[in-house]
Amino acid sequence: IQVNAVAWSKVYRRSFYDAAGLRFPEGLVYEDQPVSSRAYARAAAFDVLPDAGVVWRTRADGSSLSQQTAAAANLADHNRAVELSLAELTDSGHERAAQIRALQLLTHNLAFFAHSLVGADDAFKEQFRRGLQMLLDRVPHEEYVHTVNVRSKTIHELFLAGRTDDLERFITDGPANVRVRPTTVTADGVLSEIGVDGVSVESRLIPDQQTALRARILEDTTTASGERVLRGYAFVRNVDLTDRDFTTTATLVSADGSRTTVPLTHTVAPEANVAVAHDFCDFSPSGFTLTLPATPAPVPTAGTNPFRRLELTVTVAGLTRSATLHLR
């Protein structure tokens with residue numbers, strides 16, 4: 001929720017606003033960030049509306065803050081706003097929230113400014129270095145490695161190593177997404193082939209979220225005898241299944257918590273490659289079909305399904321990932 005730090009997406013009770021001492025710092029752009037952090041830290045609860053009530057507009061005259069990311073003064077103000085935001089969380093006893101916010105900033109906000117490193121002046125580079133180091137100092141290194149995306153980590157490493165030519169070439173021509181480069185599975189995890197020599201394994205390591213299990217039920221039919229036949233797919237993201245052995249297990253979890261292993265048959269599911277398009281990974285072998293037993297009688301409660309969840313686990317190339325699908 002902290003990614004939403006802008007002021008224009010929030011409505012406060014005036015009593016809370018005053019009691020929390022919310023005040024926008026004067027003379028500072030990105031002034032909404034510390035205010036939002038203080039509000040999140042002080043609120044006992046808040047509501048989130050699913051409706052899109054504001055539409056982003058790109059200004060033709062380039063006067064928006066988001067269009068001035070090459071200015072050292074703009075980045076300096078951003079660094080100061082980040083400093084104040086993290087202090088609000090830490091001073092309120094929410095150190096873990098401060099770490100999570102720092103990881104978000106490393107992934108999102110700094111990536112926004114990183115594009116301007118190409119041809120940047122020394123003042124801008126110094127502000128980028130200051131902001132980057134401030135955030136790196138706030139997060140556990142292992143969590144940084146396993147959370148931040150490959151592109152951002154590579155930019156951070158090349159920048160701190162002073163590899164200016166490689167950095168600018170990577171920002172300009174490097175892959176924007178791991179789905180457009182080959183991947184390799186090693187003992188360290190799934191690595192992206194980024195096309196730059198001498199970059200560490202840690203920077204090339206695809207974060208855990210991007211090697212999660214992707215699973216979906218495509219068809220759910222009932223036979224004349226009352227059995228349910230499910231067809232779907234389950235694959236580990238960014239791992240190519242071409243000529244690669246893997247196993248898939250399914251466990252049915254009933255309403256009372258009892259667990260039953262359900263045999264399945266592997267099939268081909270072209271839909272998997274549509275769900276996640278990858279230039280170098282084929283996920284279509286991840287298809288499966290399985291049959292659930294007929295609903296026992298009597299049904300515990302009219303209109304409910306006694307089979308609540310289907311837990312799927314895939315093991316491939318030494319990696320094991322699981323996901324839970326809720327059945328209707």
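Predicted model: local features only at pLDDT ≥ 70, side-chain atom pairs only at ≥ 80, totals over all residues.
Colleague: Why is helix α8 called roughly antiparallel to helix α9?

Modeller: The axes of α8 (residues 150–160) and α9 (residues 164–173) cross at roughly 160°. Angles over 145 degrees count as roughly antiparallel, so α8 is roughly antiparallel to α9. The two axes come within 8 Å, and α8 passes α9 in a left-handed crossing.

Colleague: Which residues make the contact between α8 and α9?

Modeller: On α8 they are R151, T154, I155, L158 and F159, and on α9 they are D166, L167, F170 and I171.

Colleague: What makes residues of that contact nonpolar, polar or charged?

Modeller: Asp and Arg, for example, count as charged, while Leu, Ile and Phe count as nonpolar. By class, the contact of α8 with α9 has six nonpolar, one polar and two charged residues.

Colleague: What makes a set of residues a nonpolar core?

Modeller: The residues must be buried and of the listed nonpolar kinds, and be joined through side-chain atoms within 4.5 Å. The largest such core here has 71 residues. Among those with the most contacts inside it are L106, F128 and L135. Leaving aside neighbours within four places in sequence, L135 is in contact with V82, L86, A102, L105, L106 and L110. Another core, of five residues, lies apart from the largest one and includes Y17, A20, L22 and V35.

Colleague: Which residues does V3 contact, leaving aside its neighbours within four places in sequence?

Modeller: V3 is in contact with R101, Q104 and H108. V3 itself is in the segment before α1.

Note on methods
Residues numbered from 1 in each chain as written. Heavy atoms only, no water. Axes fitted to C-alpha atoms, helices over the stretch in contact; angles between N-to-C directions. Helix = DSSP H or I, 4+ residues; strand = E, 2+ residues; numbered from the N terminus. Parallel < 35°, antiparallel > 145°, perpendicular 65-115°, else oblique. Left-handed = near helix turned anticlockwise from the far one by under 90°. Contact = heavy atoms within 4.5 Å. Buried < 20%, exposed > 50% of the residue type's maximum accessible area, 1.4 Å probe, protein only.
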